[in-house]
Number of protein chains: 2
Amino acid sequence: MATILQARTDAASQDLTAEMTAIGLAAREAAHVLSTASAETKRRALQAAAAAIRQAAPALLEANRRDVASATQNGVEGAMLDRLVLNEKRIEAMARGIDEVTALPDPVGRILADWTRPNGLRIQRVSVPLGVIGIIYESRPNVTADAGSLCLKSGNAAILRGGSESFHSSTAITECLRRGLRAAGLPEAAIQLVPTRERAAVGIMLRMSEHIDVIVPRGGRSLIERVQNESRIPVLAHLEGICHVYVDAAADLAKTRAVVLNAKMRSTGVCGAAETLLVDRAIAAQLLPTILDDLKQAGCALRGDAEARALDAAVEPASEADWTTEYLDAVLAVRIVEGVAGAVAHINHYGSHHTDSIMTEDQATAERFLAEVDSAIVIHNASTQFADGGEFGMGAEIGIATGRLHARGPVGAEQLTTYKYLVRGTGQVRP
Amino acid sequence: MATILQARTDAASQDLTAEMTAIGLAAREAAHVLSTASAETKRRALQAAAAAIRQAAPALLEANRRDVASATQNGVEGAMLDRLVLNEKRIEAMARGIDEVTALPDPVGRILADWTRPNGLRIQRVSVPLGVIGIIYESRPNVTADAGSLCLKSGNAAILRGGSESFHSSTAITECLRRGLRAAGLPEAAIQLVPTRERAAVGIMLRMSEHIDVIVPRGGRSLIERVQNESRIPVLAHLEGICHVYVDAAADLAKTRAVVLNAKMRSTGVCGAAETLLVDRAIAAQLLPTILDDLKQAGCALRGDAEARALDAAVEPASEADWTTEYLDAVLAVRIVEGVAGAVAHINHYGSHHTDSIMTEDQATAERFLAEVDSAIVIHNASTQFADGGEFGMGAEIGIATGRLHARGPVGAEQLTTYKYLVRGTGQVRP
């Protein structure tokens, strides 16, 4: 009996592997076609996809109702359930997201460098698509449209693997995107959704290094962690955003109050939300009480070191773990440091290389902070919540990367390209 | 007895891990210092390093004699032994290599993009060093100087692991580089040589993802393959260079003869050497016999498909494996294809995404080849042997990368940097 079950499982696993390989092969082939598709063709496909989403709204709502019903049965609730739900407004927002991607400049074919050698060889470094991008995400149907359209814009084939709760919604949205591809004469396999809820499919994807060039995970810490640990393919992601605001001795109080409050409380659930406030010892007694009063009034809980607690009795004691915790909540860790050097040392040690900000009116101190903090985004006199591709003016982003290779910070259409060298000669041979 | 041995082995392995971790921590700390070192400071360190190499020539020769003696005892001979040997001329070449790196423009601090948002935020994308680079290479002492100086130029800390046969030579060269660092007041730990011949050190390096940001292997196929399979750290490398020359129907015979001969025979042992000749069916009978005569006269063996063999009896039959073999020798595979479409399909299927060249006087055909061949370097009317950072005018290179992320083609000082965003505000908060 055990043997029979085992045999069945093996066969199922082989089937899944074969299915995933077929998806990978089709994606690679589609990527070759997409890589030389004109900007105009891709634009037509995106326009048709947005139109298809608007047209298909009733079908999308129906598919989403099935997802929501079974998620509710499985005990999904609260924020998790809310993320899954589609309504007319959210469908229109998805379509508008595609409109915005459509309007972006084409990131492919940019001449990044162009020079001629003494022997007459002309060398150009030209942007080209990455190839096949695997996107692994949770049960947020809109990521299907966001990621699919951004990959298409940048000439990449996409293999999408959404959370199992959003399976019907994502399938319906994918169908709209593929209708767009068909309308422009592009291969449908350029956007594929993994057609199974089986968890094992993710593990297979992460080992498909022949068929997938880069993996972009979107979701919570546990998803990113699993992907980073298991993937045999390069990953563009950030595990967490332990973002800091450092208040320097030369900070302007009014600016600082506004920025700290915004950095922490504007939206506590985004990766660019501040998690730790560092305050220069020289100014702590003078500025910190006011800043903390603002935060308390806004409903923020505070945890701090002994010096911070001495300045405000409402501050609870912070443990070592607080300096590396991404609360994603109305909680802020507070620490007194010895000037900009102390702040830089704390951030480079405890931070996550995401986004960090300094408040100061001293230009030299600001430049030192910008140079020495080893993070993807370093900010002077503004909120960490600007860590966002849209706020950077880059248009839609597929996420923010904190790794060091290829792309750092917001990953938009441009970051989903690589380059190749075109060398034009007249018969040159190498001496 | 077995237990005692096991315990000893475990202790030794723990010692090695601890030693490697200490190297990693020191490198990370040095990288922080180097990342903000001025161009002038790095230049002084490089100048002092080149001077130290010239001064230490007798000591380098003595260290090298020890390496050569024990390598000879261990049966190393021929090309392997030759690569290991240092002499006055090679030492001077090493020093001159450092001079050339010194003269390169500083790759750090380049403003790659610069724009201002409607809200007044000024955003700059600025190049910064990658961090810590691990270089794993074979017993070529000169790689120690090449890689160490290129990492220093680009503001990166280097952890060097050379082949065990070159241990004394590499140690002596590293000491010269460190003398340069000391002279400029930079931390010595910016260039470290793994101080053991134990093979296990490589395995440990490849898992040190907290301390090493990128691995660059330099050497033969088996080394690269091991590194690519085992590494938990991103790798910049090429496994092989299956480079093609495609001779189109509109090729110029004189240019083509010169380029094919050069691409194959100028140096058969470099990664940019052509391994496969593809010839358009429309022109094969007319051009191929002359081209093959040139090659035969130069001592090149030929393997081809049935059509090629019908045109020249000296062509031996090629098997499927020949299309994916990097001979690195005076051997060329020859295949007749159906025009540029056939050539592109062959190259994208069998090639290694390194360097491929088309010979044609038809501009549209050339542009199609340049666009559709999915390789790091694509060439029109010139030899594949130009695939080299020096020939590109980029100065020294640490290797050629055929992966798609971060760097493609020659990996020089510029490719050993990443970027970060500097955002300058006046108190902006996000709405």
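Reader: How do you know where the axes of helix α6 and helix α7 of chain B come within reach of each other, and at what angle do they cross?

Author: This is a predicted model, in which local features need pLDDT of at least 70 and side-chain atom pairs count only at pLDDT 80 or more, while totals for chains, interfaces and linings use all residues. Residues are numbered from 1 along each chain as its sequence is written, and chains are lettered from A and ligands numbered from 1 in the order in which they are written. The axes, which are lines fitted to C-alpha atoms over the stretch in contact, with angles running from 0 to 180 degrees between N-to-C directions, come within 8 Å for α6 (residues 141-153) and α7 (residues 167-183) of chain B, and they cross at roughly 30 degrees.

Reader: Why is α6(B) called roughly parallel to α7(B)?

Author: Angles under 35 degrees count as roughly parallel and those over 145 as roughly antiparallel; the crossing here is at roughly 30 degrees, and therefore α6(B) is roughly parallel to α7(B).

Reader: What makes the contact of α6(B) with α7(B), by class?

Author: Residues are in contact if their C-beta atoms, placed from the backbone, lie within 7 Å, and those of α6(B) include Gly148(B) and Ser149(B), while those of α7(B) include Ile173(B) and Leu177(B). With Ala, Val, Leu, Ile, Met, Phe, Trp, Tyr, Cys and Pro counted as nonpolar, Asp, Glu, Lys and Arg as charged, and the others, Gly among them, as polar, this contact has four nonpolar, six polar and no charged residues.

Reader: Why is α3(B) called roughly antiparallel to α7(B)?

Author: The axes of α3 (residues 57-73) of chain B and α7(B) come within 7 Å and cross at roughly 160 degrees, an angle over 145, and so α3(B) is roughly antiparallel to α7(B). Among the residues making this contact are Arg66(B) and Asp67(B) of α3(B) and Phe167(B) of α7(B), and by class the contact has six nonpolar, four polar and two charged residues.

Reader: Which element gives the most to the side of chain B that touches chain A?

Author: In the model, 52 residues of chain B are in contact with 52 residues of chain A, and β16(B) gives the most to that side of chain B, with eleven residues. By class, this side has 23 nonpolar, 18 polar and eleven charged residues.

Reader: How confident is the predictor in chain A, and in the complex?

Author: On the pLDDT scale, the predictor's confidence in each residue from 0 to 100, chain A has a mean of 95, and 98% of its residues reach 70 or more. The complex is given an ipTM of 0.93 and a pTM of 0.93.

Terms used: Helix = DSSP H or I, 4+ residues; strand = E, 2+ residues; numbered from the N terminus. Parallel < 35°, antiparallel > 145°, perpendicular 65-115°, else oblique. Contact = placed C-beta atoms within 7 Å.
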